[in-house]
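This report is written for a reader who is meeting the structure for the first time.

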Amino acid sequence: MAETALAQIMAELAELEDPKTREVNERHGDDHGVNLSKLRALAKRLKTQQELAGQLWKTDDTAARLLAILICRPKAFERDELDAMLREARTPKVHDWLVNYVVKKNPHSEELRLAWSADPDPVVASAGWALTTERVAKKPDGLDLTALLDVIEAEMKDAPARLQWAMNHCLAQIGIERAEHRTRAIDIGERLEVLKDYPTPPGCTSPFAPIWINEMVRRQHAE
């Protein structure tokens with residue numbers, strides 16, 4: 001029965017595959033061609049199915065793994081399971097969804113944040129920084145923000161792209177959330193110039209930390 005369900009879903013995902021969507025996704029490093037709105041609709045229909053989610057993940061297919069993330073029970077995973085899954089998640093979208101939709105809701109998230117932040121693999125480390133950014137925003141008590149800024153100041157400029165992006169997000173979050181660290185966060189951003197020239201569409205906020213921080217603070221005061 002389970003194998004039949006898996007085969008049916010994989011066939012449905014294959015039907016949803018669109019060459020134009022794949023072309024756009026591949027520019028961002030994601031090797032699938034399924035429209036995410038249609039993928040979410042399929043997940044809504046399937047509802048939560050932890051066993052099926054595990055089977056979908058094991059296919060190593062990107063669209064199937066995204067679907068698995070949407071129908072799994074985030075709190076059901078053990079620490080080592082999530083660690084293994086993150087190391088297998090090599091496409092950006094799978095990596096991001098796994099961290100944001102599953103790990104952040106899992107009771108082992110803090111333990112994984114500490115382990116991943118110190119990992120020599122920059123993609124794994126970027127997940128640790130993403131979880132740190134979440135803590136800066138929601139549960140900053142106990143975080144040494146000065147030490148975090150020290151690490152960002154020393155390492156962000158030469159970090160690989162994924163890790164650099166995650167560290168930059170953390171830098172911006174510290175500057176946005178914590179007035180006492182704002183001047184230093186902006187100064188670090190201005191000196192390192194990370195993402196200063198990043199192409200930003202009209203109406204969107206630049207990821208360059210000084211612009212990002214100032215714009216978000218301005219919005220907070222405007223509310």
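## Terms and basis

A residue is called buried under 20% relative accessible area, exposed over 50%, and partly exposed in between, with a 1.4 Å probe and protein chains only. The model is predicted, and for that reason local features need pLDDT of at least 70 and side-chain atom pairs count only at pLDDT 80 or more, while totals for chains, interfaces and linings use all residues. Residues are numbered from 1 along each chain as its sequence is written, and side-chain values use heavy atoms, with hydrogens and water left out.

Helices (H or I, at least four residues) and strands (E, at least two) are DSSP runs, numbered from the N terminus.

## Two loop residues with positive phi

At 41% relative accessibility, Glu193 counts as partly exposed; Glu193 is found in the loop between α12 and α13 (209-222), and its phi is near 60°, a positive value in a residue other than glycine. Lys47 lies in the loop between α3 and α4 and has a positive phi of about 60° although it is not a glycine. With 58% relative accessibility, Lys47 counts as exposed.

## Helices α4 and α5

The axes of α4 (residues 50-58) and α5 (residues 62-71) come within 8 Å and cross at roughly 160°, where axes are lines fitted to C-alpha atoms, for helices over the stretch in contact, and angles run from 0 to 180 degrees between N-to-C directions. Therefore α4 is roughly antiparallel to α5; angles under 35 degrees count as roughly parallel, over 145 as roughly antiparallel, 65 to 115 as roughly perpendicular and the rest as oblique.

The contact (heavy atoms within 4.5 Å) is made by Gln50, Leu52, Ala53, Leu56 and Trp57 of α4 and by Ala64, Arg65, Leu67, Ala68, Ile69 and Ile71 of α5. By class, this contact of α4 with α5 has nine nonpolar, one polar and one charged residues, where Ala, Val, Leu, Ile, Met, Phe, Trp, Tyr, Cys and Pro count as nonpolar, Asp, Glu, Lys and Arg as charged, and the others, Gly among them, as polar.

## The nonpolar cores

A nonpolar core is a set of buried Ala, Val, Leu, Ile, Met, Phe, Trp, Tyr and Cys residues joined through side-chain atoms within 4.5 Å. The largest core has 36 residues, of which Leu13, Leu56, Trp57, Leu67, Ile71, Leu98 and Trp116 touch the most other members. The elements giving two or more residues to this core include α1 (2-16), α4, α5 and α9 (122-138), and its largest share, seven residues, comes from α5.

Not counting residues up to four places away in sequence, Leu56 touches Leu6, Ile9, Met10, Ala64, Arg65, Leu67, Ala68 and Ile71. A second, separate core of 28 residues includes Ala125, Leu148, Ile188 and Ala209.

## Helices α10 and α12

The axes of α10 (residues 145-155) and α12 (residues 179-192) come within 11 Å and cross at roughly 5°, and so α10 is roughly parallel to α12. Their contact is made by Leu145, Thr146, Leu149, Asp150, Ile152 and Glu153 of α10 and by His181, Arg184, Ala185, Ile188, Arg191 and Leu192 of α12, which by class gives six nonpolar, two polar and four charged residues.

## Thr62

Thr62 has its place in helix α5 and, at 7% relative accessibility, counts as buried. Leaving aside residues up to four places away in sequence, Thr62 touches Asp31, His32, Thr91 and Val94.
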